[in-house]
Amino acid sequence: MRERREAMTPAERLDKSRRICRVVRDLIRDGEAVMVYSSKDLEVNTRPLIGELLDSGNPVIVPIIVKEDVSLRLSYVKDPSVLVLSTFGVPEPIGNEIQADAGDVDTIILPMLGFDREGGRLGYGAGYYDRFLARNPRIRRIGIAFSCQEAEEIPCDENDIHMNLIVTEEGIVFSDGKR
């Protein structure tokens with residue numbers, strides 16, 4: 001899945017990212033607080049989505065990776081320019097944090113290394129998001145990835161949290177019916 005994603009040109013990734021973000025934007029309600037990952041180079045580029053949400057007046061929250069206890073700390077973002085490369089090369093608002101609480105989040109946009117059409121999500125292996133979602137099951141979960149990252153079946157165990165929706169550049173490819 002990594003190799004398939006890496007085989008795309010930067011222009012392809014950007015074009016597909018924009019298409020994904022347009023679909024996701026249409027799924028977000030006015031005023032809804034959205035937790036969205038700040039993307040690394042090869043991931044679906046969430047920068048445009050963050051900007052559009054902020055322009056629309058939606059509260060935007062980003063995760064900050066806490067390696068010491070394998071958890072996520074949350075911060076509001078008012079301006080995407082404060083995001084700087086941090087842990088694992090992920091842009092985070094280090095030095096510009098505005099504390100947020102999981103209870104503030106209505107919807108979360110998650111990165112996926114792989115996915116299947118049953119809502120299964122393959123992350124990067126450390127379980128940061130799965131632990132966060134297990135403690136916050138009421139949050140609507142939208143996984144985003146490029147269609148080339150699809151697998152026939154993602155092996156899941158009791159610790160793996162399924163998505164409510166999965167979006168690729170082809171549109172919504174999975175929905176559990178709870179939009």
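Buried here means under 20% relative accessible area. The model is predicted.

**Helix α2**

By that cut-off, α2 buries R13, K16, S17, I20, C21, V24, R25 and L27. The helix runs over residues 10–27. An α-helix has 3.6 residues a turn, so residues three or four places apart point the same way. Several elements cover the buried residues of α2, including α1 (2–6), α3, β6, β9 (140–144), β10 (165–168) and β11 (171–175).

The length of α2 can be checked. Its 18 residues, at 1.5 Å a residue, should span 26 Å. The end C-alpha atoms are 26 Å apart, so the two values agree.

C21 belongs to this helix. Its relative accessibility is 2%, which is why C21 counts as buried. Leaving out residues up to four places away in sequence, C21 touches N45, T46 and L49. One of these, L49, is itself a buried residue of α3.

**After α2**

R29 sits in the loop that joins α2 to β1 (34–36). It has 45% relative accessibility, so R29 counts as partly exposed. The cut-offs for that class are 20% and 50%.

Two residue pairs from this part of the chain are set out below.

| Pair | Apart in sequence | C-alpha to C-alpha |
|---|---|---|
| C21 and A33 | 12 residues | 16 Å |
| R29 and T107 | 78 residues | 9.7 Å |

**Helix α3**

Helix α3 covers residues 47–55, and its buried residues are L49, I50, G51 and L53. After α3 comes G57, which has a positive phi, near 85°.

**The nonpolar core**

The largest nonpolar core has 48 residues. Which members touch the most others? They are V24, M35, I109, F132 and I144. V24 is among the buried residues of α2. Setting aside residues up to four places away in sequence, F132 touches M35, L72, L74, A102, I108 and I139. M35, one of these contacts, is also on the list of residues that touch the most other core members.

**The largest pocket**

The largest pocket holds about 550 Å³ of space. Its lining has 26 residues, and Y124, G125, A126, Y128 and Y129 lie nearest the centre. Which element gives the largest share? That is α4, with five residues. By type, the lining divides into 15 nonpolar, five polar and six charged residues.

**The largest cavity**

How many cavities of 30 Å³ or more are there? The count is one. The largest cavity contains about 30 Å³ of space. R5, Y37, E43, V44, P111, M112, Y124, I144, A145 and Q149 line the cavity. By type, these residues divide into seven nonpolar, one polar and two charged.

Note on methods
Residues numbered from 1 in each chain as written. Predicted model: local features only at pLDDT ≥ 70, side-chain atom pairs only at ≥ 80, totals over all residues. Heavy atoms only, no water. Core = buried A, V, L, I, M, F, W, Y, C linked by side-chain atoms within 4.5 Å. Buried < 20%, exposed > 50% of the residue type's maximum accessible area, 1.4 Å probe, protein only. Contact = heavy atoms within 4.5 Å. 1 Å grid on protein atoms, 1.4 Å probe; cavity = no way out; pocket = protein on both sides within 12 Å on 5 of 7 lines; lining within 4 Å. Points joined across faces, edges and corners; volume = space filled by probe spheres on them. Helix = DSSP H or I, 4+ residues; strand = E, 2+ residues; numbered from the N terminus. Nonpolar A, V, L, I, M, F, W, Y, C, P; charged D, E, K, R; others polar. Expected span 1.5 Å × (residues − 1).
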